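Trainee: Could you walk me through this structure, one question at a time? I am new to it.

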Amino acid sequence: MVASQGAPTTGAITAPAVTIQDVHASAYRVPTDAPESDGTFVWNDTTLIVAEVHAGDQTGIGYTYASAAATRIINSTLADAIRGIDAMSVSASALAMARSVRNIGRPGVASMAIGAVDVALWDLKAKLLGVSLAGLLGQVRETVPVYGSGGFTSYSIAQLQQQLGGWAADGMTRVKMKIGREPGQDYERVRAARQAIGPEVQLFVDANGAYTRKQALDMAERFAQVDVRWFEEPVSSDDLDGLRLLRDRAPSCIDIAAGEYGFDLPYFRRMLDAGAVDVLQADASRCGGITGFLAAGALCESRSMPLSAHCAPSLHIAVCCALPQVAHLEYFHDHARIERILFDGAGAPVDGALRPDRSRPGLGIEFKRVDAAQYAIEE
């Protein structure tokens with residue numbers, strides 16, 4: 001006899017839903033420790049958006065690096081969209097948030113706001129279950145390799161060598177520097193970086209879309225002479241034909257990478273359909289949180305494409321350990337510094353890798369509210 005639709009299965013265990021009670025976001029502007037620039041941008045501070053989601057007796061924490069405008073989207077639009085939803089049903093909240101920003105526009109600040117809340121929802125779910133996020137997601141590896149990322153174009157040669165050489169001495173097997181601000185000086189800076197890190201450490205470069213196609217082709221040939229292995233955004237990430245040209249014609253030792261500005265799955269699909277990259281980048285704080293990053297991972301797995309996590313290292317540790325396609329995680333100087341200052345439990349690399357702390361629930365971090373107060377941005 002077939003049970004009627006909706007009837008509980010005999011012996012099924014049920015529990016009352018723990019619904020989302022409240023959502024709140026706050027913004028913090030943290031000065032950099034020195035002037036910073038890359039190929040196309042200059043900055044002196046970084047804005048952290050912290051989202052908190054409350055359900056039962058637990059609070060989930062998530063964050064992104066975005067405009068302070070994200071707080072308004074979270075505190076009004078997203079909070080209204082998910083309040084009352086079962087905290088265990090993260091996918092239902094993700095769908096509700098995506099629908100709520102239809103008339104705002106999903107790509108950009110709205111997706112970053114969604115990312116912060118989605119991470120908080122996953123952190124909350126793990127805490128309600130009394131497990132780490134790594135335990136909740138499951139692990140295919142114990143650690144995730146990182147690459148030290150900084151080497152800003154505003155740095156002197158001495159600063160560049162000290163930072164990258166320091167990471168190499170600490171056991172990182174990959175480091176990345178910025179290029180593109182003054183193309184005529186880039187080769188000498190890259191060569192100086194190679195001298196600082198030695199022959200065994202992989203050297204990555206990131207132009208942030210500053211070069212033309214022909215400039216990028218010329219520089220790729222020159223960078224290969226000092227064994228550069230990764231060329232990120234040699235041209236604009238919107239120039240898929242240009243990225244494909246570089247992928248086809250750059251020396252075979254150099255991987256072409258892009259994707260950090262992907263805010264939704266169609267963006268990543270278009271990039272892969274164009275054959276534009278050797279390695280896809282994704283950022284959970286931008287592409288819709290852990291939910292969006294898992295989707296990007298599935299897309300990469302379906303294409304046998306490596307995936308690299310962009311920035312926000314403490315946020316990415318658990319999800320990177322859960323996905324087989326992940327190659328490494330960017331240990332970005334600004335974000336790693338902010339996370340050490342403002343989050344208890346922020347991960348620190350050991351032998352060039354980050355390991356999730358499974359002894360702590362959720363993401364394994366706690367927001368240092370008192371320490372953050374001096375950086376708060378008033379709404």
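What follows is a short talk about a sheet and some salt bridges in this predicted model.

Trainee: In what order do the strands of the open sheet stand, and is the pairing parallel or antiparallel?

Mentor: Happy to start there. The open sheet is formed by 3 strands, in the order β1-β2-β3. As for the pairing, the strands are antiparallel.

Trainee: Which strands stand at the edges of that sheet, and why is one side of each left without a neighbour?

Mentor: Count the partners. A strand with a single partner strand has one side left without a neighbour in the sheet, so such strands stand at the edges. Here these are β1 (20–37) and β3 (58–65).

Trainee: How many bridges join β2 to β3?

Mentor: Strand β2 covers residues 42–55 and runs antiparallel to β3. Across from β3's T59 you will find H54. The number of bridges joining β2 to β3 is 8.

Trainee: Which helix packs on the sheet?

Mentor: Look for a helix that touches β1, β2 and β3. Its direction makes about 125° with that of β1. The helix, residues 333–342, is α12.

Trainee: Now the salt bridges. Are D123 and K127, which form one, buried or exposed?

Mentor: Their closest N and O atoms are 2.9 Å apart. Both sit in helix α3 (residues 109–129), 4 residues apart, which means about one helical turn separates them. The cut-off for buried is under 20% relative accessible area. D123 has 0% and K127 has 8%, so by that cut-off D123 and K127 are buried.

Trainee: How many residues apart in sequence are the parts that D278 and R247 tie together?

Mentor: This salt bridge has its closest N and O atoms 2.9 Å apart. D278 lies in the loop between α9 (265–273) and β9 (279–282), while R247 belongs to helix α8 (residues 240–249). The pair therefore ties together parts separated in sequence by 31 residues.

Trainee: R303 and D273 also form a salt bridge. Which of the two counts as exposed, and which as partly exposed?

Mentor: R303 lies in helix α10 (residues 289–303) and D273 in helix α9, so the pair ties together parts 30 residues apart in sequence. Their closest N and O atoms are 2.6 Å apart. At 33% relative accessibility R303 is partly exposed; at 53%, the exposed one is D273.

Trainee: Which residues are linked in a network of salt bridges?

Mentor: The count of salt bridges comes to 19. The residues linked in a network are K176, K178, D206, E232 and E330.

Note on methods: Residues are numbered from 1 along each chain as its sequence is written. This is a predicted model: local features need pLDDT of at least 70, side-chain atom pairs count only at pLDDT 80 or more; totals for chains, interfaces and linings use all residues. Side-chain values use heavy atoms; hydrogens and water are left out. Two strands pair if DSSP finds at least two bridges between them. Helices (H or I, at least four residues) and strands (E, at least two) are DSSP runs, numbered from the N terminus. Contact means heavy atoms within 4.5 Å. Axes are lines fitted to C-alpha atoms, for helices over the stretch in contact, and angles run from 0 to 180 degrees between N-to-C directions. A salt bridge is a side-chain nitrogen of Lys or Arg within 4 Å of a carboxyl oxygen of Asp or Glu. Buried means under 20% relative accessible area, exposed over 50%, partly exposed in between (1.4 Å probe, protein chains only).
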